[in-house]
Amino acid sequence: MAVYTEISDDELDALLDQYDLGQALSCKGIAEGVENSNYLLHTEAGYFILTLYEKRVNAKDLPFFLGLMEHLAAGGFMSPTPITAKDGSNLKEVAGRPAAIIEFLDGRSVRRATPNHCALLGQTLALLHTIGSDFKLTRSNTLSLASWRPLYESCLNSNGSSLEDDLLPDIAAEIDFLEKHWPNDLPSGVIHADLFPDNIFFLKDRVSGVIDYYFACNDFFAYDLAICLNAWCFETDGSFNITKARKLLNGYREVRAFSQQELEFLPLLCRGAAIRFLLTRLYDWLNQVEGALVKPKDPLEYFKKLQFHQAVTTVAAYGLD
Ligand SMILES: Nc1ncnc2c1ncn2[C@@H]1O[C@H](COP(=O)(O)OP(=O)(O)O)[C@@H](O)[C@H]1O
Ligand SMILES: N[C@@H](CCOP(=O)(O)O)C(=O)O
């Protein structure tokens, strides 16, 4: 359960006094997520998500994240909208943390994605890129290439286990490689940057919600695809499911066409996406927050994904001709 910050009844009442949502009927910590504290808030006006922003979220980025959610929803995308308080703002403070109340979306994330879910994911991602393209605010990707070496170095300085130590030379070599070969001119715009299966809700055969915009930024569209290939197209035994990859990529290009260059760079972008999640997971593994109700994610899973992409030479490995 990701709850780093507890809120008292008085703090909750004081927050709700600032909204037109009536009194709180219940407020329960949510048993998913790793980044922020999330509560399922039930008030006289209905159900909402109360999010308290934690360590990785810089308060100065919140207008970008909350504004993006509003922009996407206004464009017909299935993003929740932040709720506006009586004073017109959508950002408040609770228990010393920045906080927002967000529209609750129906639907469920899938535990075992099928190829059909991957096709819907591809269409949805391309829709997000298209609708997001005229969003006026910008935010650079603070977890891209430039951040990987400092993140790696901070892992070196932690007291890790011998298992992590064994990986470190390979990670260093990979960062060297990525620094030499990372592209600097691919089609770019607003990307989600964390579109894992827990961040999409489905209702029957359609996508009913896309949540968790707290890594969203401006970066290569194809990097977002690389993140999704990693998060959705490997099975629990570590094998790569080429059918899911093909469905994801074909679903995407039904809505937005790839350039030849994007396809050529896809294997490299997948390596970068694997290093990004490997490093943040490793960092979190080595720096667990005492007393927090959260289950850290496995960094090794992303080391194995990295090894798969290191052996890829063309997009044929991802199911494309
Ligand atoms: N708008 C929403 N509607 C319904 N449930 C939500 C919504 N936002 C978050 N949740 C629930 O809260 C969980 C954690 O949210 P998430 O944004 O992924 O947290 P974190 O930022 O910590 O990763 C989700 O898995 C989902 O169960
Ligand atoms: N998706 C990341 C961790 C961030 O999790 P989320 O709860 O914000 O989706 C990972 O798997 O490492």
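An oxygen atom of ligand 1 lies 3.0 Å from a side-chain N or O atom of Asp-212, a polar contact (a pair of N or O atoms within 3.5 Å). The model is predicted, with pLDDT of at least 70 needed for local features and 80 or more for side-chain atom pairs, while totals for chains, interfaces and linings use all residues. Residues are numbered from 1 along each chain as written, chains are lettered from A and ligands numbered from 1 in written order, and side-chain values use heavy atoms, without hydrogens and water.

**Exercise 1.** Identify the backbone contacts of ligand 1 and state how far the protein covers this ligand.

*Solution.* Begin with Asn-36: a polar backbone atom of this residue is 2.8 Å from an oxygen atom of ligand 1. Next, a nitrogen atom of the ligand is 2.9 Å from a backbone N or O atom of Glu-103. Of the 550 Å² of accessible area that ligand 1 has on its own, the protein covers 91% (Shrake-Rupley method, 1.4 Å probe).

**Exercise 2.** Describe the shell around ligand 1.

*Solution.* First, 17 residues surround the ligand, each with a heavy atom within 4 Å of it. Glu-32, Asn-36, Asn-38, Glu-103 and Leu-105 are the closest. By class, eight are nonpolar, four polar and five charged. Finally, domain 1 (9-103) and domain 2 (115-318) each supply at least three residues, the bounds coming from an automatic or database assignment.

**Exercise 3.** Which residue of S8 is the bridge partner of Leu-203?

*Solution.* Strands S7 (residues 200-203) and S8 (residues 206-210) run antiparallel and are joined by four bridges; DSSP must find at least two for strands to pair. The partner of Leu-203 is Arg-206. Two residues lie between the strands of this hairpin, where Lys-204 takes a positive phi near 50 degrees.

Notes:
A polar contact is a pair of N or O atoms within 3.5 Å; within protein, one must be able to donate a hydrogen and the other to accept it, and residues adjacent in sequence count only if both atoms are side-chain atoms. Ala, Val, Leu, Ile, Met, Phe, Trp, Tyr, Cys and Pro count as nonpolar, Asp, Glu, Lys and Arg as charged, and the others, Gly among them, as polar.
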